Amino acid sequence: MPDIYAVSASPHLKQRISVPSVMWQVSLALTPALLVGIFFFGIQSLYLTIYAVAAAVITEAVIQKLRKIPITITDGSAVVTGILIAFNINTSSPWWLPVIGSVFAIAIGKQVFGGLGYNIFNPALLGRAFMVASWPTLMTSGWKATSPLSNFFESSINGLKNLPSNVPEVITSATPLGVAKALRDTTQISRDMAETVMNSLSNSDTIQNLFWGNVGGVIGEVSAAALLIGAAYLAYKHIIEWRIPISYIGTVFVLTYIFGGINGLFSASILLPVFHIFSGGLILGAFFMATDMVTSPVTKRGRIVFGMGCGILTVVNRLVGGYQEGVSYSILLMNITVPLIDRFTLPRIFGEVKA
Amino acid sequence: MGLKTFPGGIHPHDFKHFSKNKAIEEIPLPKKVVIPISQHIGAPSKPIVKVGDEVLTGQCIAEPCGFVSIPMHASISGKITKIDKFHHPTGILATGIEITGDEQDRWIELENDENYFDLSIDEMKKRIADAGICGMGGAGFPTHVKLSPPADKPIDTIILNGVECEPYLTADYRIMLERAGDIIAGLKIFMKIVNAKTGIIGIEANKPDAIKMFRKLVKKDKNIKVTGLKLKYPQGAEKQLIYAATKRKVPNKGGLPMEVGVVVQNVGTAIAVYEAVRYKKPLIDRIITVSGKIVKEPKNIKARIGTLYSDLLDFCGGTTEEIGKVISGGPMMGFAIPFLDTPMTKGSSGLLLFNKKEAHKDDESTCLRCARCVDICPMNLVPSLIANSVRYDDFDLAEKYGVMDCMKCGSCAYVCPSHIKLIQWIDIGKIKINEKRSIK
C-alpha cells in the first residue's frame with residue numbers, strides 16, 4: 001500500500017491572517033487614543049478600561065461555557081468591545097458602569113445572536129445605548145476635563161470669557177457640540193451673541209484643541225489625532241477600508257456646511273464642518289464603529305450607502321434631533337439596514353451582460 | 001514602462017526562486033507510462049489498442065470522440081500492458097492505457113516541412129488536431145477547437161499567455177527563455193489560422209529578462225507586441241489577461257474570448273503547435289516544474305506524457321522531509337492528490353511537494369463579514385455570500401450571486417481570516433447547480 005497524502009480543496013497557499021490577528025490589531029490601533037485619554041483625564045481612564053475589558057472577556061467565557069461551545073476569548077473580539085465601551089464613558093463614572101455596559105454588550109449585543117459574526121448590532125454601541133438609557137445623567141454629564149490642561153470653558157473657546165455672564169449659564173453643556181446645539185435652540189441670547197459664540201466654536205484654535213484632544217468628553221473620543229493614527233494603521237493593514245469612513249465623514253462635512261449655520265442655508269463658515277467632524281464621537285464612530293465588519297455591508301457600493309446613511313442621520317441628530325451627539329444611534333440604525341443594503345448593491349460581475 | 005493589469009487580485013509570495021534558474025533537463029525514458037484517455041476538456045478519447053499490442057513512440061493509441069476531443073499517443077515505445085482505472089492528476093480514478101517501455105524509443109516517422117508556413121489553413125488545423133494538442137496551461141481545452149471560431153466571430157487578436165502567475169511554477173518561464181523562437185513561430189501559425197492581425201505576448205513583470213528578450217526578437221514584426229503585466233494573481237487567468245492586454249471584457253455566463261475577438265493560447269501550446277505543424281510531431285512530452293521547499297533538487301523537467309509523478313520526484317532526488325501534501329499543478333488552483341503513482345498529463349504544469357506544516361489547514365471559523373474576499377475577487381463576485389448560500393443549500397441564491405462565473409482562482413480563500421474553504425463551497429454549489437440543470 002503506497003502512502004496516502006492529505007487532500008483538500010485548492011488553494012493550497014494561505015495568507016497569514018486570522019480572526020485573532022485582525023482583532024488584536026484593532027486593539028492595538030485603539031491604544032493611542034487610550035493613551036491620550038489617560039494623559040488628559042488621568043489614570044482612572046485606564047482603570048475603567050480594564051474593568052470594561054475584563055467584564056467583556058469574562059462574560060464571553062461564561063456564556064460560551066453555558067452554551068457548551070468552544071471558548072474563544074483569546075480571539076480578541078471581546079477585548080475590542082470592552083475597550084470601545086470604556087471609550088464611551090467619562091472618567092467620573094463609577095466602576096460598575098463600564099462593567100454593566102460590557103456585560104450587556106457581550107451578552108445581549110453579541111452572544112444571544114450566536115456570537116461573533118452573527119450579531120446584527122455593533123455590540124459596543126448597543127452597550128452604550130443601554131447605558132445612556134439606564135443612566136442618562138452619568139453618561140452625559142460630568143464631561144468636565146480633570147486635567148488642568150483642558151478646562152473647556154477657559155481654554156477651548158477663545159474669547160468666550162469676554163461674553164456677558166449669562167451666556168455660560170444658558171449654555172450649560174460642557175462639550176463643544178453641546179454648545180453648538182444650545183446655540184441653535186436658545187432664544188435667550190441675542191442673535192449676534194449666538195453668532196459670536198458660533199464663530200468661536202469654529203475658529204482654528206478650537207479646532208486645534210479638538211484635533212489634539214484638549215477638550216471635555218469621554219475617554220476615547222477626545223483626540224482625533226490619536227484615533228486617526230490608529231485608523232491609518234488599520235487602513236495600511238487592510239483591516240478597515242476607506243469607503244465607510246470617507247463617505248460618512250464626507251456626508252457630515254457637506255451637510256453641516258449647507259445646514260449648520262444659524263442664519264439659514266450656507267451661512268456656516270467653512271470651518272464649521274471641520275468642527276463637526278472633530279467633535280463628539282464622529283472620528284471614533286466613523287473609523288472604528290461604523291467599520292465593524294460584522295455589522296456593515298460587504299459590497300463596495302453598499303459601504304458607501306451605509307456611510308452616507310450614517311452621515312445623514314448624524315447630522316439630523318446634531319442639528320434638529322433631541323441629542324447633541326448622534327453618532328452612535330446613527331450607526332445602530334444603519335446596522336439594521338445592512339442586509340437590505342447588501343441585497344440591493346450586489347456588484348456587477350466582471351463582464352456582466354444584461355440578461 | 002506602464003504595466004497593465006486587471007481590477008482585484010492578490011499578491012502571494014511567488015516561491016519561484018527554487019527552480020527559476022534551473023535550465024530544462026530531460027528525464028531518462030521511464031520504464032512505464034500511463035496515458036489517461038481524458039486529459040482535456042471535452043469527450044474522453046477512445047482506445048484503439050488492446051493489451052499486448054506493440055506501439056511506437058508517437059503512435060496514436062486512442063482516437064477522439066467527436067470534434068471537442070483529442071487523440072492520445074504513445075509517449076514511449078513498448079507494449080500495452082494494461083487498460084484500466086488509474087490515478088488521475090485531478091485526484092480521481094480514470095481510465096488510462098499503460099505502456100511498458102522497451103527502452104529503445106522507436107519513433108513513428110516524423111517530417112520536417114521547411115515550408116510549413118505555406119500550408120493551407122485546413123492542413124495546419126488538421127495537423128494540430130491529429131497531434132492531440134490541448135491547452136497546456138492547465139485547463140486543457142482542445143486547441144483546434146479554439147482555432148475554429150464560427151464565421152460570425154472574427155478574431156483580430158491572439159494573446160500568448162506567458163504570465164505563469166501561479167507561485168512556484170517556472171516551466172513556462174524556462175521555455176520562454178530557452179525556446180523563444182519556437183514560441184514566436186507558434187504564435188505566427190495561430191495568427192495565420194484565425195487571420196488575426198495582432199499578436200500579443202503577455203508576460204508578468206517578475207520575468208523582466210523574458211520580456212526583454214521577446215521585445216528584441218519581435219522588433220521586426222510590426223504586428224506582434226510584448227505586453228508587460230503587473231505582478232498580481234490571477235494575472236494569467238484568461239479573462240483577466242484579455243482585459244489587461246486589450247481592455248476588452250469577455251461576457252460572463254459562459255462567454256468565450258472569441259466573442260470579443262480574442263483567442264488566448266499558452267506559450268507551451270505554441271511550441272506544441274509549431275512542432276505539430278512543422279514536424280507532424282504529436283504532443284507526447286512537455287515541461288513540468290517539480291518544486292517545493294522539501295524537494296532535494298527542484299527542477300524544470302522535460303518529460304514524456306504519462307510519466308509517473310514518483311519518477312519525476314526520484315529524478316529530483318526525493319524529499320528532505322516527510323511529505324504532507326502532493327499537488328498537481330500550481331498551489332492556487334492545482335489538485336492535491338493522494339498518491340504519487342499518478343501520471344502527468346498534457347496539462348500538468350507542476351508537481352509540488354509540501355511538508356506536514358505547509359499542508360496544514362486551519363479549521364473554519366465564523367465569517368466575520370470582513371469582505372476581504374469581496375474586495376479582491378477578480379470576477380467581482382461576493383464569495384462569502386456565495387459560500388453561505390451553498391452552506392444552507394440555497395443554490396438559487398448562490399446562482400444569483402454569480403457562483404457559475406467563478407473561475408476558482410482561490411484568491412478569496414487565500415485572504416480569508418476565518419479560513420473558510422470558499423472554493424470548496426463554491427465547487428459544491430457549481431456541482432449541485434449543474435446537476436439540477438442536467439435534470440431539466
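Because the model is predicted, local features are given only where pLDDT is at least 70 and side-chain atom pairs count only at pLDDT 80 or more, while totals for chains, interfaces and linings use all residues. Residues are numbered from 1 along each chain as its sequence is written, and chains are lettered from A and ligands numbered from 1 in the order in which they are written.

**Confidence**

The model scores ipTM 0.89 and pTM 0.91. Chain B averages a pLDDT of 95, with 100% of its residues scoring at least 70, where pLDDT is the predictor's confidence in each residue, from 0 to 100.

**Chain A**

Chain A has 18 helices and zero strands; helices (H or I, at least four residues) and strands (E, at least two) are DSSP runs, numbered from the N terminus. Of the 355 residues in chain A, 52% are buried, a residue being buried if 20 or more other C-beta atoms lie within 10 Å of its own, exposed if 12 or fewer, and partly exposed in between, with C-beta atoms placed from the backbone. Among the contacts in chain A with a separation of 6 or more, 73% involve residues 24 or more positions apart, a contact meaning that the C-beta atoms of two residues, placed from the backbone, lie within 7 Å.

The domain assignment divides chain A into domain 1 (19–140) and domain 2 (165–343), with bounds that come from an automatic or database domain assignment. The C-alpha centres of these two domains of chain A lie 22 Å apart, and 33 residues of domain 1 of chain A are in contact with 27 residues of domain 2 of chain A. On the side of domain 1 that touches domain 2, helix 1 (19–41), helix 2 (44–66), helix 3 (77–87) and helix 5 (123–134) of chain A each supply at least two residues, and the largest share, 13 residues, comes from helix 1 of chain A. By class, this side of domain 1 of chain A has 23 nonpolar, nine polar and one charged residues; Ala, Val, Leu, Ile, Met, Phe, Trp, Tyr, Cys and Pro count as nonpolar, Asp, Glu, Lys and Arg as charged, and the others, Gly among them, as polar.

**Chain B: domains and sheets**

In chain B the assignment gives domain 1 (1–24 + 112–360) and domain 2 (372–439), whose centres, taken over C-alpha atoms, are separated by 26 Å. Here 13 residues of domain 1 of chain B are in contact with 12 residues of domain 2 of chain B, and the side of domain 1 that touches domain 2 consists of eight nonpolar, four polar and one charged residues.

An open sheet of six strands in chain B has the order 1-14-13-17-15-16, with mixed pairing; two strands are taken to pair if DSSP finds at least two bridges between them. Strand 1 (25–26) and strand 16 (335–337) of chain B are at the edges and have a single partner strand each, so one side of each is left without a neighbour in the sheet. Another open sheet of chain B, with three strands in the order 3-5-6, has antiparallel pairing. Its edges are strand 3 (46–47) and strand 6 (72–73) of chain B, each with a single partner strand, so that one side of each lacks a neighbour in the sheet.

| Strands of chain B | Sense | Bridges |
|---|---|---|
| strand 1 and strand 14 (residues 299–304) | parallel | two bridges |
| strand 5 (residues 60–63) and strand 6 | antiparallel | two bridges |
| strand 2 (residues 32–36) and strand 8 (residues 93–101) | antiparallel | five bridges |
| strand 7 (residues 78–87) and strand 8 | antiparallel | nine bridges |

Individual residues locate these pairings: B:Glu26 stands opposite B:Lys302 in strand 14, B:Cys60 opposite B:His73 in strand 6, and B:Val33 opposite B:Ile99 in strand 8. B:Gly78 has B:Gly101 in strand 8 as its bridge partner. The hairpin of strand 7 and strand 8 of chain B has five residues between the strands, and B:Gly91 in this hairpin takes a positive phi near 95°.

**Interface and core**

Between the chains, 34 residues of chain A are in contact with 57 residues of chain B. The side of chain A that touches chain B divides into 21 nonpolar, eight polar and five charged residues.

The largest nonpolar core has 235 residues, and those with the most contacts inside it are A:Ala56, B:Leu187, B:Phe190, B:Val273, B:Leu312, B:Ile386 and B:Leu422; such a core is a set of buried Ala, Val, Leu, Ile, Met, Phe, Trp, Tyr and Cys residues joined through C-beta atoms within 7 Å. Helix 1 of chain A supplies the largest share of this core, 11 residues. Not counting residues up to four places away in sequence, B:Leu187 touches B:Ile158, B:Leu160, B:Gly199, B:Ile201, B:Ile224 and B:Ala270.
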